[in-house]
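Visitor: Could you take me slowly through the aromatic rings of this structure, and explain each term as you go?

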Amino acid sequence: MKMAALNILSQPWPPTPSLSVSNCYYSFCNTSKSNSSNKSHSLSHSYHFSLLSSLYGSNRPYPSSKLSAMPTHFSKSGILLAGSGCSWMQDNSMRHNNAAGSECGQGQLYSVFPTQPAEVSSVQDLFSFICSGPLINKLGLTPEAVAECIDKWLSYGLHLCRLFQLNELYLTEPQKVRLYHYYIPVFFWCDDQISQHRSLYKDGEDIPPLVIGFSAPQGCGKTTLVFALNYLFQITGRKSASISIDDFYLTAEGQAKLREANPGNALLELRGNAGSHDLTFSVETLSDLSKLSKEGMKMKLPRYDKSAYNGKGDRADPSTWPEVEGPLTVVLFEGWMLGFKPLPVEVVKAVDPQLETVNKNLEAYYDAWYKFIKAWIIIKIKDPSCVYQWRLQAEIAMREAGNPGMSDDEVKDFVSRYLPAYNAYLPTLYSEGPEGSDPKRLVLVEIDEGRNPILGN
């Protein structure tokens, strides 16, 4: 079989000091054009890459390398924090950094190389692995489409390896799944949604950014997914903004008033459930983002400080809010209860009588949030009890890394304030979708306890 080499980047990356890989080659089988004549080439840059060398089926020990430590938890404010429990990033290719506070997407990115030449594997292997993913058909991707743009899959995979500081030569199975069965397929779907959105406007018209909603329970990895997508938009030349429903929480003063107005209601005692968000502020922010369609336009994105007032939280000082510039192509809007809609009173009271007020509060959320969202990704879990395990894993990892974390009892109390809403509203969200959503612009991604996509029902 004839082989050819593929240079997946149009521009050279900054060289990695003391790591020579000049003998590494990138070979692949041309999967989109059978019976064509292929030539073998070495990579044109002085530092060469092999993404596929041991992607498939190798249990070889991880080679020594100069890998800088990377925090593995992303806070709602866009800050990377150590100890998320994201085991897919930790398997043999990551080290923890005990110091929190690296800006998401702002720091130096790294490429990691082994100390010996890698085995050559084929793009046919990668093509087969991609096509075996559970989301391919669901997202409207075909083997033909994958083959046609296999160079993009390679490029995006390598960029994500740099972002998460994974060794592209020795990816573990969970890492391969997370990149090629989850993040990259979802990115292609988002890209297609953007194309559909932009096709609705005539040449010369101002095109507002597409707002994509990501609804997923706490701890299932939605913030990391949005972080990866945001980065892929960045490296493909599109401006994007990410925001969370957490950024719209009431101020500490507003939360205190809500608590006083609902004495004895544990679901409204702390931030989280419907009623604990500043909906007027939400409308103002989302409206301003939707107008950010021209060069030179700027605005600051609100952020919430969960550490304020001994963990009760408060809106962060505006001087710390990140700034975004137009023209925006896409807004990635994520949250644990995004898409929940009010149900008959007797239904929610049967789950928990305290939900009656929360249910009433939900009536205002369509106009505040959902009407801005034109495409949806709903991440489905089989059992809400997973949320407790995921949160516990994250807190244990944070404590072991030397960072403040909740005790096991505090985690149980924390999650207990969300479980009634999960039990009441998730079944309808999964079966009907959010209010006003277009079924043709909604995808339901079912994940397992390892936070990886599965075929589902």
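Guide: A search of the whole structure finds 19 aromatic pairs, where rings of Phe, Tyr and Trp (its six-membered ring) pair if their centres lie within 6.5 Å, and planes under 30 degrees apart count as stacked, over 60 as edge-to-face and the rest as tilted. This is a predicted model, in which local features need pLDDT of at least 70 and side-chain atom pairs count only at pLDDT 80 or more, while totals for chains, interfaces and linings use all residues. Residues are numbered from 1 along each chain as its sequence is written, and side-chain values use heavy atoms, with hydrogens and water left out.

The rings of tyrosine 156 and phenylalanine 188 have centres 5.6 Å apart and planes at 50°, so this pair is tilted. Both tyrosine 156 and phenylalanine 188 are buried, a word that means under 20% relative accessible area, with exposed over 50% and partly exposed in between (1.4 Å probe, protein chains only).

In the pair of tryptophan 336 and tyrosine 418, the ring centres are 4.8 Å apart and the planes stand at 85°, so the pair is edge-to-face. Tryptophan 336 counts as buried at 3% relative accessibility, and tyrosine 418 is buried too, with a relative accessible area of 3%.

Ring pairs also link Phe248, Phe281, Trp321, Phe333, Tyr365 and Trp369 into a cluster. Within this list, phenylalanine 281 has arginine 315 over its face, at 4.2 Å from the ring centre; a charge sits over a ring if NZ of Lys or CZ of Arg is within 6 Å of the ring centre and within 35 degrees of the ring normal.
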